[in-house]
Amino acid sequence: MLPAKRPSKKAMNSTKYARAPHLPGPKLTSFLSIQINKFDRAIRKYKKAADFIESDYSMEENEKPQAKVLKVACLSNVAASYIKLKNWKEVIDNSNKVLDLDATNIKALFRRGQGMYILLPFYRLNTSPQPIPRSMNGI
């Protein structure tokens, strides 16, 4: 497989990259890494950005909702990058982190569903059949 080419300066100024300048530093470089198919680098950068937002004790009350939205976006993009790498366990783990922060996030629900759908046969093989509890027998 050939390494991905870096986009030219002309391409960086095109509309595809035009929406990136408003993003903060690590998220911007992560966004650009995804655009040129460097998913390992993007995962590192998005995780770094999410860890930067980890503690909300030092934030003011009006900054906390913005930080939560940014953290949800970073973790969701980590899950998307893991989908491209076909690392389904990490997709499920990161989607669950997103859903802990925002239970109604449609992208995270879909990505977790994708991972569970792929891994379902493996979970069926690894789990042994469990007996039905006595309380359920009468139903």
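This is a predicted model: local features need pLDDT of at least 70, side-chain atom pairs count only at pLDDT 80 or more; totals for chains, interfaces and linings use all residues.
View 1. Val91 is among the buried residues of α6.

**View 2. Helix α6 and its buried residues.** Helix α6 covers residues 88-101. Its buried residues are Trp88, Val91, Ile92, Asn94, Ser95, Val98 and Leu99. An α-helix has 3.6 residues a turn, so residues three or four places apart point the same way. With 14 residues at 1.5 Å each, α6 should span 20 Å, and the distance of 20 Å between its end C-alpha atoms agrees with this.

**View 3. The largest nonpolar core.** This core consists of 18 residues. Those with the most contacts inside it are Tyr46, Cys74, Val78, Tyr82, Trp88, Val91 and Val98. Two or more residues each come from α4 (39-52), α5 (64-85), α6 (88-101) and α7 (106-126). Helix α5 gives the largest share, 6 residues. In soluble globular proteins, nonpolar side chains tend to be buried together.

**View 4. Packing of α4 against α5.** The two helix axes come within 9 Å and cross at roughly 160 degrees. An angle over 145 degrees counts as roughly antiparallel, and α4 is therefore roughly antiparallel to α5. Their crossing is left-handed. On the α4 side, the contact is made by Phe39, Asp40, Ala42, Ile43, Tyr46, Lys47, Ala49 and Ala50. Helix α5 contributes Lys71, Cys74, Leu75, Asn77, Val78, Ser81, Tyr82, Lys84 and Leu85. Tyr46, Cys74, Val78 and Tyr82, which take part in this contact, are also among the residues with the most contacts inside the largest nonpolar core.

Terms used: Residues are numbered from 1 along each chain as its sequence is written. Side-chain values use heavy atoms; hydrogens and water are left out. A nonpolar core is a set of buried Ala, Val, Leu, Ile, Met, Phe, Trp, Tyr and Cys residues joined through side-chain atoms within 4.5 Å. Buried means under 20% relative accessible area, exposed over 50%, partly exposed in between (1.4 Å probe, protein chains only). Helices (H or I, at least four residues) and strands (E, at least two) are DSSP runs, numbered from the N terminus. The expected span of a helix is 1.5 Å times one less than its number of residues. Axes are lines fitted to C-alpha atoms, for helices over the stretch in contact, and angles run from 0 to 180 degrees between N-to-C directions. Angles under 35 degrees count as roughly parallel, over 145 as roughly antiparallel, 65 to 115 as roughly perpendicular and the rest as oblique. A crossing is left-handed if the near helix is turned anticlockwise from the far one by less than a right angle, and right-handed if clockwise. Contact means heavy atoms within 4.5 Å.
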